[in-house]
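Hello,

Here is the structure I promised to pass on to you. Have a look at it first, and then read on for my notes on what turned up.

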Amino acid sequence: MRISESFLQELRYRCRAPDVIGRYVNLKRAGRTQKGLCPFHNEKTPSFTVYEDTDSFYCFGCGAGGDVITFIRRIENLDYIEAVRFLAQMAGMDMPEDEGDRENARLRQRVLELNRETARLYFSNLASDAGREALDYLRRRRLSAETIRRFGLGFALNDGFSLPRYLREKGFTEEEMALAGMKKSKSGHFYDQFRGRVIFPIIDVRGNVIAFGGRKMREEDGGPKYLNSSDTLVFKKSRGLFALNIAKNHHDGRLILAEGYMDVIAMHQAGFQNAVATLGTALTEEQTRVMSRYAGEIIIAYDADGAGQKATMRAIEMLKELDVKVRVLKIPGAKDPDEFIRENGADKFKLLLEQSGSQVEYRIDRLRSEYDLTTGDGRIAFLGAFTGLLAGIDSLAEREVYADRVATELGIQKSAILADAEKYKQRQARRREKKQMQRLQTEIAGFNDKINPEKRLHLRAASAEEALLAALLSAPELADEVEKRIAPEEFLTSFNRRLYVAILEAVKAYGTFDLAMLGDAFSAEEMGKITKFTLDAARHAADLPEMEEYIAVIREEKSKESQADPRAMSLEELQNQIGHLAERKNRP
């Protein structure tokens, strides 16, 4: 779909990068730019920068970059057209659509309608004779009729074929069933993969049923305890959070992160309506970023067993990199929140929440359990691990508090602990600097360049191409003169060649160039590299003689490549090469 430049200009005018990005990232002004922690990778020191003058962003840590459309593509996991539509809705603009785009929108809507009808059937099954066992199961879990209704819980009949038959009667096609994730048997017939399970509809923040989770009622039943929908047009498992549609209105600045659907439902029924859970997968960075948009404090309420505690440590490592406070709920007796609430009630669970300690306290307790503090060797090993933990705390006051606590416990001087922590911190800083230098060297050599993998094979030429592109972006008014001096096919790397063509076309069409003109011709990842070129371009004003130097290098490397194996050249390439050599020879 081709979107007019006038529409994109109006969209960019209404959706300024600092305003849109500021909804997702806590930005702080730094001169003519704004900085914050990158939402696309975990970091402690802000390397994510928003440029007001060019309406763009770039992260010097992970290389993400682009215009406001690119940002929405990445943060919301959308394609180009979907990102434009997202921003248009934000700006109150009517989105122009072509036939193909309307068809995609229609299919997405049909999948949502199919999911809604599926949820209705599952819910009605609970009231049938066939659903009596499932309803009894939910009642044994002490769920009220109101809770069952609020979460739309249901039951998938055992036969497996009642659902596709019902959907056909409602007018849904086999294509729509496939797009919604329904499975096919070896004989080619659709069947309900959740058959015989209690159903938990997964609802997004807009109130749409986007997927389902199914739990078996008996341990002896086949298959995993929980079964979840696969990714579809409307559902991405790595981004969603169960019950966020409710919790977003009741979070009071904090969210409770649980492991399973039943834990979340039990907490909601007990009055803790800020609870959410992942969707049958380990916690992802995307989910942590989603939570950080709604709350400044996350309480991890995973199961108290070994697996739950391991998952807690992993969640801490992911969450502590974000601008959120992390606390950990300790549930005695190796219980989960659902079991604790059923046995002890909501008031005692509330007390547990109030007593939940910081993630640092939790990690210290974990270290205590790993070492024998009654022996000298155990105490030394514990202190070695503890100083590493302490070194990772940015707040000096917080470091003092925990160092004082451990020093008192072990009967040693606090100053010794703080000194060891500082030495550890300096060693880590030196390691980071060494890694950064190695990464920079590798980047310069092109070995890890996933956007332009040909760079490592043509390092000198690719470097000259990049310098030429940056210079051209600095002075787009010279595009006609540059095009006269070097044709796209003379570029040795295909990515740089493609970008060169895009810049020339944009300048011819609009007389200038900016990132938004690239439209959907480049991926969100490619836009990051292009943004880096624009930053390089902004450092100095390029002129034609400088560009000619880069062109000379490119041609020289092109000549070397061709001369290395002339038998591999086509007739056209050979004629072009002879012409270029003659041209260079005849130059004054």
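Let me start with charge. The protein chain in this predicted model carries 91 positive and 92 negative side chains, and the centres of these two sets are 4 Å apart.

Now for the chain as a whole. Its C-alpha trace spans about 90 × 75 × 50 Å along the principal axes, and it holds 25 helices and 16 strands. Of its 588 residues, 49% count as buried. The accessible surface of the protein chain amounts to about 29,100 Å², with 48% of that belonging to carbon and sulfur atoms. If you take the contacts between residues at least 6 apart in sequence, 63% of them join residues at least 24 apart.

Helix α18 covers residues 396–410; its 15 residues reach 21 Å from the first C-alpha to the last, close to the 21 Å expected at 1.5 Å a residue. Which residues of α18 are buried? They are R399, Y402, A403, V406, A407 and L410. These residues lie on the same side of α18 because they cover an arc of only 135° around the axis. On the face turned away from that buried side, α18 carries the exposed residues A397 and T408. After α18 comes G411, which has a positive phi near 70°.

Helix α20 runs over residues 459–474. With 16 residues, α20 reaches 22 Å from its first C-alpha to its last, close to the 22 Å expected at 1.5 Å a residue. The buried residues of α20 include A461, A462, A464 and L468, and also the charged-type side chains E465 and E466. Further along α20, L469, A470, A471, L472 and L473 are buried as well.

Finally, a couple of backbone details. Most residues other than glycine have a negative phi. Against that background, here are two residues to check.

- D55 is not a glycine, yet its phi is positive, at about 55°. D55 sits in the loop between β3 (48–51) and β4 (56–59), and it is buried, with a relative accessible area of 10%.
- N77, also a residue other than glycine, has a positive phi near 55°. N77 is in the loop between α3 (68–75) and α4 (80–91). Is N77 buried or partly exposed? At 36% relative accessibility, N77 counts as partly exposed.

Happy browsing, and do write back with any questions.

Best wishes

Definitions and conventions: Residues numbered from 1 in each chain as written. Predicted model: local features only at pLDDT ≥ 70, side-chain atom pairs only at ≥ 80, totals over all residues. Heavy atoms only, no water. Helix = DSSP H or I, 4+ residues; strand = E, 2+ residues; numbered from the N terminus. Expected span 1.5 Å × (residues − 1). Buried < 20%, exposed > 50% of the residue type's maximum accessible area, 1.4 Å probe, protein only. Contact = heavy atoms within 4.5 Å. Areas by Shrake-Rupley, 256 points an atom, 1.4 Å probe, with all protein chains shown as cover. Charge placed at Lys NZ, Arg CZ, Asp CG, Glu CD. Arc of directions from axis to C-beta.
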